[in-house]
Amino acid sequence: MSAPAATMAQNPAAPSSAGATPKGRLIGYFAMVLGMFMAILDIQIVSSSLTEIQAGLSASADEISWVQTSYLIAEVIMIPFSGYLSRLLSTRVLFTVSAASFTLASIGCALATNLETMIVLRALQGFLGGAMIPTVFASTYMMFPREKMAGATVIIGLVATLAPTIGPTLGGYLTQLFSWHWLFLINIVPGVIVIALVWTFIDIDKPNYALLKGFDYTGLIGLGLFLGSLEYVLEEGTRNDWFADEAIRGFTAASILGAVLFFWRSLTYSNPIVDLKAFRNRNFATGCLFSLTIGVGLYGLVYLLPLYLGRVRGLNSLQIGEVMFVTGLAQFLSAPLAGFLARKVPDPRPVLAFGFALLAASTWLMSDLTGDWQFDQLLLPQIMRGAALMFCIVPINVIALGTLPQNELKNASGLYNLTRNLGGAFGLAGINTIMTERTNFHWNRMVDFINPGRWEVQQYMDSIAGLFGDRTAADQTAFAVKMLTTKVQGQAYIMSFIDVFTLLTILFAAAAVAVAFAQRPKQAPASGDAH
């Protein structure tokens, strides 16, 4: 028997390049994609309605952030851990358990009557549901023959980028039309469908309970400390003035300690909780860097535009969702073209470079932002962003995972998805920090120009004061000063948006250039290491 044939005999789940995917397995796969969509959507759908949840749970503004933070910390720990669990339990068992746990936790969140219960259930929801995301990515490359890989990659790419985009829209609709409880209740029906279909139709590998022998408890503790503490620092750093806060300093130290422990264990232990050897594959390492970058764009831009529309334009969550719908529509319409290019272009690097360049162009257009922009001005940048995300995510998937052998896919998929989430966390932390610093910078610069002694300033204040002739001179002056201060603060805030969009333009343009230094992907070997 030849070497490839022997490998196939040992790994019957590996797809044949000439074979067709059975109809039942295809149904199960789409159910897995639906589960992944639920897990990714749950982050943004809840973030758009935290104010309503805060009122329902009688929580403070500082406390309610933990509804999101607990979910993200738990999810970011599970994502790299899912590769080990998938090998231990099998894809079928892990995904079914994850979907069932996610659905039950969603019911609990909807029934929660206090903040403490909500935080615990959100952590369970994030941890147990977080395994669904990387498992779908790994299964895509395990289930489909090479000639059908492009279509499957487009589907998961569309879901991975579309879910964060439409989250604010769907969250706004549910909260406005019903109540915040429906942010969680909406998961019940699709959750039951996912559980039933995955358990019935997915059977692509077998459990390996031998992995329990010598379980890496030390590595798991290090992983939890490292990623959990890092996620907390990135989420809460801006809000708590970074290292001026004692808790931030403590969690930073814990993250460093956990990182040392985790990497030492992963590199020296015979059966590590997370195997890092996939990074020896140049394509995988490069793909992870691009995934980190696209995470900044995906989550950062989904955060920035609603922030502008809410705080500057004064729109509610439902109106913001209607504006953001354009990006999601552009992703849908560009998905077939991205799939066509993935099938017809043997080298994904030109497509990826075009995607990053288009993303840079969309943020460059946003750098002309003013306080008066409406739907018309935002239309073209949103269309470009939606299309660019599809042209980026599909080639990145191929570069990162398409060249790995079967026996490394599960573990590598967790690491790959982790980089996108960390990119989003780093991006949001950086955006918030830059906006705070640059708003103060622009305010300090402009305050020198609003001296009441200047003729232009005096003219403006007189025009405002003249609107309230029935008040005393002191009241007129005080009101004019307040109006002028508010106007200058608003302009400083808008200028900070411009600075962020300019920096993002530089980042995405640099990524487009960096694609030239990536290696052209070659076909993955059946098993063993790939270098």
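Five salt bridges are counted in this structure, where a salt bridge means a side-chain nitrogen of Lys or Arg within 4 Å of a carboxyl oxygen of Asp or Glu. The model is a predicted one, in which local features need pLDDT of at least 70, side-chain atom pairs count only at pLDDT 80 or more, and totals for chains, interfaces and linings use all residues. Residues are numbered from 1 along each chain as its sequence is written, and side-chain values use heavy atoms, leaving out hydrogens and water.

Let's begin with aspartate 42 and arginine 122, whose side chains form a salt bridge at 2.5 Å, N to O. Aspartate 42 sits in helix H2 (residues 23-47) and arginine 122 in helix H7 (residues 115-129), so this pair ties together parts 80 residues apart in sequence. Helices here are DSSP runs of H or I with at least four residues, numbered from the N terminus. Aspartate 42 has 1% relative accessibility and so counts as buried; buried means under 20% relative accessible area, exposed over 50%, and partly exposed in between, using a 1.4 Å probe and protein chains only. Arginine 122 is buried too, at 0%.

Now look at lysine 206 and aspartate 203, a salt bridge whose closest N and O atoms are 3.4 Å apart. Here lysine 206 is exposed, at 61%, and aspartate 203 is partly exposed, at 41%.

Finally, find arginine 385 in helix H17 (residues 375-401). Arginine 385 is buried, with a relative accessible area of 5%. Not counting residues up to four places away in sequence, arginine 385 touches several residues, including Leu301, Met324 and Ser362, where contact means heavy atoms within 4.5 Å.

How values were computed:
Helices (H or I, at least four residues) and strands (E, at least two) are DSSP runs, numbered from the N terminus.
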